[in-house]
Amino acid sequence: MQLYRLLTGPDDATFCHKVTDALNKGWSLHGSPSYSFDPDTHAMRCAQAVVKTVEGKEYHPLMKLGEQ
């Protein structure tokens with residue numbers, strides 16, 4: 001099964017830790033990161049897609065992708 005997640009967060013160390021945690025749990029970067037201004041919070045936001053292949057499981061819409 002191939003999984004996809006889009007990690008998002010503020011432009012600070014917590015976002016970097018979120019991506020680092022995913023990488024250490026077997027996820028791989030997918031594409032380039034994105035960076036944009038959030039006019040509601042007046043702050044920069046980051047996004048990074050990650051993918052992971054999990055053998056022996058089937059996808060279900062209710063599964064928590066971050067726990068796979």
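These legends describe close-up views of a predicted model. Local features need pLDDT of at least 70 and side-chain atom pairs count only at pLDDT 80 or more, while totals for chains, interfaces and linings use all residues. Residues are numbered from 1 along each chain as its sequence is written, and side-chain values use heavy atoms, without hydrogens or water.

View A. Strands β2 (residues 28–38) and β3 pair in the antiparallel sense over eight bridges. Pairing requires at least two DSSP bridges between two strands. Strands are DSSP runs (E, at least two residues), as are helices (H or I, at least four), numbered from the N terminus. Ser28 stands opposite Val51 in β3. Four residues lie between the two strands of the hairpin. In the turn, His42 has a positive phi of about 55°.

View B. Ala47 sits in strand β3 (residues 43–53). Its relative accessible area is 14%, so Ala47 is buried (under 20%; exposed is over 50%, partly exposed in between; 1.4 Å probe, protein chains only). Beyond neighbours within four places in sequence, Ala47 is in contact with Leu6, Leu7, Thr8, Phe15, Pro33 and Ser34. Contact means heavy atoms within 4.5 Å.

**View C. The largest nonpolar core.** Ten residues form this core: Leu3, Leu7, Phe15, Val19, Ala22, Trp27, Cys46, Val50, Val54 and Met63. β1 (2–10), α1 (13–24) and β3 each supply at least two of its residues. α1 gives the most, with three. A nonpolar core is a set of buried Ala, Val, Leu, Ile, Met, Phe, Trp, Tyr and Cys residues joined through side-chain atoms within 4.5 Å.
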